[in-house]
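Hi,

Here is the structure I promised to pass on.

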2 protein chains.
Amino acid sequence: MASWAERLTGVRGVLLDISGVLCDSSPGGATAIAGSVEAVARLKQSPLKVRFCTNESQKSVRLLVGVLQQLGFDISEGEVTAPAPATCQILKERGLRPHLLIHEGVRSEFDGIDMSNPNCVVIADAGEAFSYQNMNRAFQVLMELENPVLISLGKGRYYKETSGLMLDVGGYMKALEYACGIKAEVVGKPSPEFFKSALQAIGVEAHQAIMIGDDIVGDVDGAQKCGMRALQVRTGKFRPGDEHHPEVKADGYMDNLAEAVDLLLKHMDK
Amino acid sequence: MASWAERLTGVRGVLLDISGVLCDSSPGGATAIAGSVEAVARLKQSPLKVRFCTNESQKSVRLLVGVLQQLGFDISEGEVTAPAPATCQILKERGLRPHLLIHEGVRSEFDGIDMSNPNCVVIADAGEAFSYQNMNRAFQVLMELENPVLISLGKGRYYKETSGLMLDVGGYMKALEYACGIKAEVVGKPSPEFFKSALQAIGVEAHQAIMIGDDIVGDVDGAQKCGMRALQVRTGKFRPGDEHHPEVKADGYMDNLAEAVDLLLKHMDK
């Protein structure tokens with residue numbers, strides 16, 4: 001395999017996943033992953049451009065950034081690309097009025113969006129709100145539409161809380177797709193539009209950028225398919241089998257963000 | 001198109017779907033579809049062999065038959081092919097110990113099944129029991145298994161209650177398949193083994209049998225793929241678009257079971 005210096009040549013920007021890379025979540029709160037606070041600080045002091053690129057859809061960006069700041073991270077709302085704000089932009093552009101199946105923590109992102117007489121359904125990682133009754137209502141709204149539109153904030157299979165692996169929005173998206181005989185539009189990683197909007201925000205081209213994430217599909221495969229490089233960290237939802245994934249090979253596997261940042265700062269173009 | 005006499009030539013046995021053909025269900029109870037009680041009685045007095053072939057997985061066969069008898073139907077437990085008893089047979093044959101995600105009404109079918117230290121997950125139309133917590137538990141059990149086995153009692157997209165369309169087990173099966181990266185085994189229509197076991201019970205070959213159902217995929221397509229003929233009735237979950245399905249064409253579309261039985265009795269081989 002090529003040397004690290006070769007593999008990292010020309011990198012000017014870094015996209016950082018949040019959950020499982022910066023912190024681990026649990027119903028009781030979030031905890032910083034060891035070394036990540038300092039790693040983010042070092043990265044931001046370097047010449048590399050940094051953007052946070054998350055599929056977090058249980059919390060508004062404001063809430064999320066507040067939690068991370070409390071954990072000691074140097075992060076502000078303007079540095080985060082997240083699916084809820086991106087979805088609101090799409091809704092406005094296309095005149096879509098959503099029926100929402102979402103977590104209460106992200107509802108404020110949709111303030112000001114017209115929700116009368118819904119002509120689409122938006123689902124996010126709703127957690128406990130994925131009750132049969134709520135799923136059935138979303139299903140019924142879609143079945144009543146002549147041209148059903150389903151927007152899913154991410155399509156993750158699962159994420160990791162301290163208590164164990166947790167079902168993410170992806171399965172529920174598949175359930176509605178199957179029941180209604182439709183295909184959802186995904187806003188969030190691994191959608192190329194989503195990665196591109198994150199790169200645009202820091203003015204970096206895909207071939208000059210590297211994604212650091214814990215998800216072999218959503219982060220690594222998604223970023224690589226956009227022409228970026230990608231490192232997988234062995235924290236968060238990482239599972240040992242990921243390093244032998246039949247289709248996806250990261251440009252490197254690191255124990256954690258601290259190690260990934262060490263590597264980047266050591267080998268980046270001076 | 002061929003005449004009815006030609007289309008029905010050689011029919012010796014009839015498989016009848018239950019929900020949406022014999023009766024409609026609602027949370028408050030079931031109501032017989034007009035003409036169906038008499039239609040079943042006439043069919044059973046004819047030389048045709050009759051078997052009930054249902055994907056009902058919210059109720060035990062005993063409970064289901066009790067409800068139908070109360071509505072006036074001539075039906076007994078021994079005449080019903082249903083997924084829960086078929087699943088129990090599979091579990092015993094293969095030494096599988098299930099974690100169950102099912103409706104309370106069908107739990108008694110699993111009496112006597114070893115459920116200690118589960119090595120598979122069985123899901124059925126669980127209705128309100130499809131909570132996030134219960135889905136997540138089923139997901140976690142599967143993810144902890146080295147060779148995860150998921151058995152789904154049917155894979156229906158939805159069914160109809162008097163209050164409207166309701167999500168069936170199929171979507172939840174897809175959710176677990178996607179989240180775990182596995183493929184479920186379906187017990188029930190449209191699985192060929194399931195249709196064959198119903199035909200065996202009445203000693204009729206597939207080419208001599210006709211299925212009557214309200215589901216263009218589960219009933220009509222499934223039966224036809226087994227070499228049977230199939231009529232779709234315009235009751236239950238029937239939707240007008242079914243008659244223009246891109247891939248499936250029933251051997252006939254009837255307003256209801258009474259009309260279908262009229263036709264069968266008129267054109268069957270004397």
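This is a predicted model: local features need pLDDT of at least 70, side-chain atom pairs count only at pLDDT 80 or more; totals for chains, interfaces and linings use all residues.

For chain A, the mean pLDDT is 95, with 99% of its residues at 70 or more.

On to the overall build of chain A. You'll find nine helices and 14 strands in it. Its C-alpha atoms fill a box of roughly 60 × 35 × 35 Å along the principal axes. A compact globule of 270 residues would have a radius of gyration near 18 Å, and chain A agrees with that because its own value is 18 Å. Of the 270 residues in chain A, 49% are buried. If you take the contacts in chain A between residues at least 6 apart in sequence, 64% of them join residues at least 24 apart.

Now for the helix, which is in chain B. Which residues of helix α9 of chain B are buried? Within this helix (residues 257-267), they are L257(B), A258(B), A260(B), V261(B) and L264(B). These residues sit on the same side of α9(B), because they cover an arc of only 160° around the axis. As a reminder, an α-helix has 3.6 residues a turn, so residues three or four places apart point the same way.

And what covers the buried residues of α9(B)? The cover includes one helix segment, α2 (36-45), along with the strands β1 (13-16), β12 (209-213), β13 (229-233) and β14 (252-254), which belong to chain B as well.

Cheers

How values were computed:
Residues are numbered from 1 along each chain as its sequence is written. Chains are lettered from A and ligands numbered from 1 in the order in which they are written. Helices (H or I, at least four residues) and strands (E, at least two) are DSSP runs, numbered from the N terminus. The radius of gyration is taken over C-alpha atoms; the globule rule is 2.2 Å times the number of residues to the power 0.38. A residue is buried if 20 or more other C-beta atoms lie within 10 Å of its own, exposed if 12 or fewer, and partly exposed in between; C-beta atoms are placed from the backbone. Two residues are in contact if their C-beta atoms, placed from the backbone, lie within 7 Å. The arc is that of the directions from the helix axis to the C-beta atoms. pLDDT is the predictor's confidence in each residue, from 0 to 100.
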